[in-house]
Amino acid sequence: MKKKHKLRTQIFLYMTVGLIIWFAFGTALTEILYYLEDKRGVEFPFKFYIVINVFQAVLLLIVNIPFLRFLIRHIDNPVQKIVSALHQISEGNYNEQIDFNARNELDEIKEAFNEMSGKLAESEKIKKNAENERIMLFANMAHDLKTPITSIIGFSKALSDGIIEEEQKKKEYISTINSKSMKMNELIDRLFEYVKLQSSDNQLHLENVDVAEILRNCIADVYTEYEAKNIQLELEIPDAEVIKKADKLELSRVYTNLLNNVIKHNGSGIKVFVKMEGDGGTLIADSGEPLKPELVENLFKPFVSGDFSRRNSNGSGLGLSLAQKIMKKHGGNLRFVQENMAEKELPAGLTKGFVVEFQGKSE
């Protein structure tokens with residue numbers, strides 16, 4: 001489709017109309033003077049012709065006033081606003097917007113500018129949020145590492161200085177040092193995984209896999225721990241294959257993290273329900289204590305859940321954030337649902353759970 005040039009047409013019409021009016025008046029006046037001089041024998045003084053020429057010049061100016069007003073209103077003023085807004089953008093004010101009604105191509109420039117400004121503002125907001133998240137990530141990591149490091153330093157110093165003489169006590173101190181070291185190692189591993197997922201260079205190894213089989217294997221890995229905590233496990237997983245394009249290793253991390261969360265953040269004797277739909281969508285829910293609203297709101301932020309983890313278990317506070325990022329890299333999502341929420345996705349007797357969602361239908 002050929003693009004219409006509104007501005008060019010407007011300028012041409014204004015100039016044409018103005019010239020036609022001026023030419024018509026000028027021609028009519030010339031004909032009148034010719035008639036009076038040639039037919040009636042009227043002689044006009046030289047000054048009269050000067051006045052006539054001045055009149056024609058003034059007439060030309062008058063008929064062009066609408067054109068000049070058009071240039072100012074529909075071209076000059078919009079251009080000035082665009083230039084001013086560009087200066088604001090160059091100074092970092094990405095929320096700058098321009099407003100005028102030029103009724104020509106400048107309106108398209110206005111719309112394109114406002115769209116660009118909106119995208120720049122959104123990009124800057126995302127950038128600031130990412131920077132704040134990065135700062136909080138390292139601040140919380142330092143906080144989480146400080147406690148086990150302090151314990152390791154204290155216990156190892158006590159052992160090296162020979163303060164502890166009892167063999168049983170020495171074994172306890174060594175065991176504590178080992179457990180604290182393992183916790184630090186887990187935290188660093190999780191942090192490495194988190195940073196790796198943040199990188200644009202990191203790509204999933206997508207292939208057609210049976211996600212139902214992956215889920216069954218993950219459940220088998222934690223089954224002994226479930227039995228140890230007297231957790232009642234109810235499964236509804238299709239016997240047929242549920243084929244999705246997914247990264248087998250990363251998806252296993254998602255399922256394992258959610259299944260382990262049940263153990264870490266609940267007491268003994270609860271009920272756990274795991275259900276997979278034909279499209280791969282999965283619900284992992286339990287009958288444990290509901291989460292507080294302030295925790296739910298920030299559940300997938302790095303280390304936010306760690307505050308809960310530090311009080312209740314050896315969680316790193318990065319697991320849920322990692323799991324959600326993995327699912328988003330798959331084009332899907334990971335959501336939290338609870339009995340007092342608007343969504344009615346939990347079967348009777350269950351209080352909270354996580355919903356794993358894939359993009360599109362099964363292969």
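**Surface, helix and pocket features of the predicted model**

Ile 109 is partly exposed, with a relative accessible area of 41%, and this residue belongs to helix α3, which covers residues 105-160. In this predicted model, a distance of 10.0 Å separates the C-alpha atom of Ile 109 from that of Ile 98, a residue eleven positions away along the chain.

As a general point, an α-helix has 3.6 residues a turn, so residues three or four places apart point the same way.

Helix α9, by contrast, is mostly covered, since eight of the eleven residues in the segment 319-329 are buried. The buried residues of α9 comprise Gly 319, Leu 320, Ser 321, Leu 322, Ala 323 and Gln 324, together with Ile 326 and Met 327. Just after this helix, a positive phi of about 85 degrees is found at Gly 331.

A positive phi, of about 55 degrees, is also adopted by Asn 230, although this residue is not a glycine. Asn 230 lies in the loop that links α5 (211-228) and β2 (232-236), and its relative accessible area of 56% places it in the exposed class, because exposed residues are those over 50%.

The second largest pocket of the model has a volume of about 220 Å³. Its lining is made up of 14 residues, among which Glu 277, Gly 281, Thr 282, Leu 283 and Val 355 lie nearest the centre of the pocket. Two or more lining residues are contributed by each of the strands β4 (271-276), β5 (282-286) and β7 (352-357), and β7 gives the most, with three residues.

Notes
Residues numbered from 1 in each chain as written. Predicted model: local features only at pLDDT ≥ 70, side-chain atom pairs only at ≥ 80, totals over all residues. Heavy atoms only, no water. 1 Å grid on protein atoms, 1.4 Å probe; cavity = no way out; pocket = protein on both sides within 12 Å on 5 of 7 lines; lining within 4 Å. Points joined across faces, edges and corners; volume = space filled by probe spheres on them. Helix = DSSP H or I, 4+ residues; strand = E, 2+ residues; numbered from the N terminus. Buried < 20%, exposed > 50% of the residue type's maximum accessible area, 1.4 Å probe, protein only.
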